[in-house]
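Subject: Structure handover

Hello,

Here is the structure we spoke about, with the notes that go with it. Please look at the two ligand sites before the rest.

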Amino acid sequence: MLTIKVPATSANLGPGFDSIGMAVSIYLTVKVIEPAAAWQVEHDLGDLPHDETNLIVQTALKVAPDLTPHHLQVTSEIPVAHGLGSSSSAIVAGIELANQLADLQLPAEQKVLIASQIEGHPDNVAPAILGGLVIGTKAGEKFLAVPAPALPWDLITYIPAYNLATADARAVLPATLSFQEATHASAIANTLAAALVAQQYEVVAQLLEQDQFHEPFRQRLVPELTTIRRLAHEAGAVATYLSGAGPTIMILSGPDCTAKVVQAIQGAGLQAPIQVLTSVATGVQVERA
Ligand SMILES: Nc1ncnc2c1ncn2[C@@H]1O[C@H](COP(=O)(O)OP(=O)(O)O)[C@@H](O)[C@H]1O
Ligand SMILES: N[C@@H](CCOP(=O)(O)O)C(=O)O
């Protein structure tokens, strides 16, 4: 049986809006059961479609329109519409499904380009395909990606109960920034990227909370962000950022502080689930048993 496994991703890392993301240790898994008369997508993921309108199948048919329908069994640890790249994991799984069923032998770069074109931004799909922490951008008809070393911290993941569709969180962003705002925001992002590659984690820690592109505008959609950022700092965490388009909040912490940070958040009455994740070096995986 063919099994496809795709990691969740945490994108932006603050100033790295639409260009920095990392694969994290929860997964979407697609088991390809057998050929069928029509696409059947078995899952317990709420009101997502169970037929050819499911995003996984939609993506596969975009890549290989003549695929024979199959019965798929989908399980996922990734909360939908929560800022952990669930839509990207579905897109990447769909590309891999087409790649395997139609024997396309797509190179990773091609998968990233296709996925970026579908998702509209590469910061989730690139690490979901390549694994690790990726800094990248579309340049003409190419996708340029630079891998950076994995962050040396625990990923304390605070997952609010409410959904926040990425489209809704993008709708509150300004259409333009002034030249001064844009150059300042870019300088912060550029320096963050350089510090990530150079493993200058003192600089990383200072810049992760200095985003000017999206968090100032999204703050009102995720009211816990400011409070959790303060509590985390008081408990000794390194930095806090809005994971993807939210509402998940990612707190980076040295292992020696993690328990204290979790206690500080829960002790303040913030009762949403918290998972301590790690970054993962491997992206999409295929298993044939
Ligand atoms: N595991 C999945 N299988 C199929 N479609 C999915 C899956 N996860 C997300 N989607 C699609 O993506 C949409 C949510 O995407 P988005 O708003 O970008 O949130 P996020 O990427 O943070 O989960 C869902 O409404 C659904 O259409
Ligand atoms: N750069 C995007 C990232 C969206 O990530 P998701 O996990 O919320 O889909 C944005 O901030 O809109």
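Ligand 2 has 15 residues around it, and the nearest of them are N12, D18, D123, R170 and R218; a residue counts as near if one of its heavy atoms lies within 4 Å of the molecule. This is a predicted model, in which local features need pLDDT of at least 70 and side-chain atom pairs pLDDT 80 or more, while totals for chains, interfaces and linings use all residues. Residues are numbered from 1 along each chain as its sequence is written, chains are lettered from A and ligands numbered from 1 in the order in which they are written, and side-chain values use heavy atoms, without hydrogens and water.

Polar contacts here are pairs of N or O atoms within 3.5 Å. The side chain of N12 places an N or O atom 2.8 Å from an oxygen atom of ligand 2. In the side chain of D123, an N or O atom is 2.7 Å from a nitrogen atom of ligand 2. Of the 350 Å² of accessible area that ligand 2 has on its own, the protein covers 98% (Shrake-Rupley method, 1.4 Å probe). Helix 4 (122-130) and helix 5 (166-171) are the elements that give two or more residues to this shell; helices are DSSP runs of H or I with at least four residues, and strands are runs of E with at least two. By type, the shell around ligand 2 has four nonpolar, seven polar and four charged residues, with Gly counted as polar.

Ligand 1 also has 15 residues around it, of which A81, G83, S86, S87 and T166 come nearest. A polar backbone atom of A81 is 2.7 Å from an oxygen atom of ligand 1. For S87, an N or O atom of the side chain is 2.6 Å from an oxygen atom of the ligand. Helix 2 (residues 86-101) gives the most to the shell, with three residues. The shell around ligand 1 holds eight nonpolar, seven polar and no charged residues.

Elsewhere, the whole structure has one aromatic pair (ring centres within 6.5 Å; planes under 30 degrees apart are stacked, over 60 edge-to-face, the rest tilted). W153 and Y201 form this edge-to-face pair, at 5.3 Å centre to centre and 70° between the planes.

Regards

Terms used:
Polar contact = N/O pair within 3.5 Å; in protein donor to acceptor, adjacent residues only side chain to side chain. Phe/Tyr/Trp six-rings, centres within 6.5 Å; stacked < 30°, edge-to-face > 60°.
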